[in-house]
Structure formats: structure tokens, C-alpha cells
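Hi,

Here is the model I promised to pass on.

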Amino acid sequence: MSGAGTGTADIAELLRARIRDIPDYPQPGIVFKDITPLLADGPAFAATVAEMAVGHADVDKVAGIEARGFILAAPVAYALNAGFVPVRKQGKLPAATYAQSYALEYGTATLEVHTDAFAPGERVLIVDDVLATGGTAAATAELVRRCGATLDGIVVLLELDFLQGRAKLPELPVRALLTV
Ligand code: AMP
């Protein structure tokens, strides 16, 4: 995989230059962090995936959160020779699921995972693009626990520090490649 020798500080700079702010999307007052320029840059994408995988050689499964989490989690799983598990929005998975609801600014959302996605005792890494309020990651962590699996940690590209998402993930190692 390319990007060998790319340091953590270099990765942060690489992300800073390739994640763009889209003001007032999808609604007024939200600054959307658009990762498509990063994904479109082959060497930067490869270096990012390699960095996300660092320190997780022992995981059995990588869980990606719909939808942008899938794009990152699948290559991270491949890099680790681990399985990939989709954590999906309600109603999308075909077999029996566990469901976990969590609060949004207005209303609630529900995530689901297949009940047999993880075997008891398996080690799981959760991957997503952005950690904002932490509700999505906390709900995903709860789904992993309900399957009887063990969390290795959560890795995201970008953490929005002012939203204090880590506070919702007190007992978990959370790693962000870039914090703003
Ligand atoms: P939260 O549950 O508040 O931590 O939100 C995290 C989820 O919402 C992630 O799956 C992100 O993809 C998405 N998200 C939240 N805020 C943003 C943002 N400002 N830009 C891009 N994606 C976001």
C-alpha cells in the first residue's frame, strides 16, 4: 500500500487539504465536511486507509457506519485481513437485526446490524468519516456489545471537537486522524 512512511502530522495536513467545508448543507447552520476530494486522490486515500488501520492488527471485524463509513471501513478491513460488517439505517438489512435508536438534534434515528454479524468474543473496530455529537458511534458501539463482541476502538477521519462527541464514548479508545 502506498503512503509508507507518512507520519501522523503529515496525514493530518493531507486531510486538512482534502476535506472541504460546505456551509449550510444539508441545512442552514451546518458546515458539512465533504470527503470526496480525499477519496478522489489515490495516494492520499491509500495513505489514509493505512493510517486508520494502524494499531488494530488483532481485530476480527471492522464495522462501517452507513453510508460514508462503508467507503472507509471496507478497505481498512481488507488491509487488516478482517471481515467487514455494515451498520445500516433502519429497514435496510435483510436478515434478523438488533436495532439501536439515538437522539438527533430533532427527533431520533435508528441503526441496525444483523444479529449474527459478530461472534461472541470477536474484536471489532468501528470506522466512520466524522465524529460529531457522538450519538452515531455510541449507538454502533452498543450494537456491537449486544452481539457479545468486544470493541477494539473507534477510528474516524475527522473529529469536531466543539461537539464533545467523545463524552458519549467514555470507555472506548477513540482516534481521529484530524481534529478541528
Ligand atoms: P454524530 O452522531 O452527531 O456524531 O454524527 C456523526 C454522523 O453524522 C457520521 O456518520 C457523519 O457522517 C455524519 N455527520 C455529522 N456531522 C457531519 C458534518 N458536519 N459533516 C459531515 N458529516 C457529518
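Before the rest, some housekeeping. This is a predicted model, where local features need pLDDT of at least 70 and side-chain atom pairs count only at pLDDT 80 or more, while totals for chains, interfaces and linings use all residues. Residues are numbered from 1 along each chain as its sequence is written, and side-chain values use heavy atoms, with hydrogens and water left out.

Back to His114, which sits in strand β6 (residues 108-114). Strands (E, at least two residues) and helices (H or I, at least four) are DSSP runs numbered from the N terminus. A polar atom of the His114 side chain is 3.0 Å from the backbone nitrogen of Ala95. Leaving aside neighbours within four places in sequence, His114 is in contact (heavy atoms within 4.5 Å) with Leu93, Pro94, Ala95, Ala96, Thr97 and Cys147.

Now the helices. α3 (residues 42-53) packs on α4 (residues 68-80) at about 65°, with the axes 9 Å apart; axes are lines fitted to C-alpha atoms over the stretch in contact, and angles run from 0 to 180 degrees between N-to-C directions. The two are therefore roughly perpendicular (65 to 115 degrees; under 35 is roughly parallel, over 145 roughly antiparallel, the rest oblique). On the α3 side the contact uses Phe45, Val49, Met52 and Ala53, and on the α4 side Ile71, Leu72, Pro75, Val76, Ala79 and Leu80. Those residues split into ten nonpolar, no polar and no charged (Ala, Val, Leu, Ile, Met, Phe, Trp, Tyr, Cys and Pro count as nonpolar, Asp, Glu, Lys and Arg as charged, the others, Gly among them, as polar).

Helix α1 (residues 8-18) also meets α3: their axes come within 11 Å and cross at roughly 130°, which makes α1 oblique to α3. Thr8, Ile11, Leu14, Leu15 and Arg18 of α1 touch Ala44, Ala47, Thr48 and Glu51 of α3. Here the count is five nonpolar, two polar and two charged.

Do look at Thr48, also in α3. Thr48 is buried at 0% relative accessibility, and a polar atom of its side chain lies 2.7 Å from the backbone oxygen of Ala44. Beyond neighbours within four places in sequence, Thr48 has contacts with Ile11, Leu14, Leu15, Leu38, Leu157 and Leu177.

Cheers

Terms used:
Buried < 20%, exposed > 50% of the residue type's maximum accessible area, 1.4 Å probe, protein only. Polar contact = N/O pair within 3.5 Å; in protein donor to acceptor, adjacent residues only side chain to side chain.
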